[in-house]
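Student: Hi! Could you walk me through this structure? I'm new to this.
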Amino acid sequence: MLVAFSVAPSGSGDSDGSVSEAVAAAVRVVRESGLPNRTDAMFTTIEGPDWDTVMDVVKRATEAVQAFGPRVSLVLKADIRPGFDGQIDAKVERVESALAQPEVS
């Protein structure tokens, strides 16, 4: 299962609105989990074998962000496809392969 999530404190951060330190705390939890993961400008995606494993990491990442403010915002998106693993890379590879093909008009 793949879960993309974004977690950040609400109502806090630097004077410029940056929440990078809080997000770094969450990403640190994800990376220390040992699960395959990828972070981009908007989301961190993790891949795990089941709900309990993945949601435990999301919960701990959210708790890490709670240290930065009294309120936390969490957004989740999941791709639940039992029997498939390695999809964190395979899904991107399929899109790249399709892009490499000549466009059909």
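Student: What is the mean pLDDT of the chain?
Tutor: The mean is 93, and 96% of the residues reach 70 or more. pLDDT is the predictor's confidence in each residue, from 0 to 100. This is a predicted model, where local features need pLDDT of at least 70, side-chain atom pairs count only at pLDDT 80 or more, and totals for chains, interfaces and linings use all residues. Residues are numbered from 1 along each chain as its sequence is written, and side-chain values use heavy atoms, leaving out hydrogens and water.
Student: Which elements have the lowest and the highest mean pLDDT?
Tutor: Helix α3 has the lowest, 94, and strand β3 the highest, 98. Helices (H or I, at least four residues) and strands (E, at least two) are DSSP runs, numbered from the N terminus.
Student: Okay, the sheet next. What is the order of its strands?
Tutor: The order is β2-β3-β1-β4, in an open sheet of 4 strands with antiparallel pairing. Two strands pair if DSSP finds at least two bridges between them.
Student: And which strands stand at the edges?
Tutor: Those are β2 (37-39) and β4 (71-79); each has a single partner strand, so one side of each is left without a neighbour in the sheet.
Student: How many bridges join β1 to β4?
Tutor: There are 9, with β1 covering residues 2-10. In this pairing Ser 10 stands opposite Arg 71 of β4. Another 4 bridges join β1 to β3, where Ala 4 faces Thr 45.
Student: What about β2 and β3, how are they joined?
Tutor: By a hairpin, through 4 residues. The two strands share 3 bridges, and Asn 37 has Ile 46 as its bridge partner in β3.
Student: New topic: which residues have the most contacts inside the largest nonpolar core?
Tutor: Val 3, Phe 5, Val 30, Ile 46 and Ala 61, in a core of 17 residues. Such a core is a set of buried Ala, Val, Leu, Ile, Met, Phe, Trp, Tyr and Cys residues joined through side-chain atoms within 4.5 Å. Buried means under 20% relative accessible area, exposed over 50%, partly exposed in between (1.4 Å probe, protein chains only).
Student: Which element gives the most to this core?
Tutor: Helix α2 does, with 6 residues.
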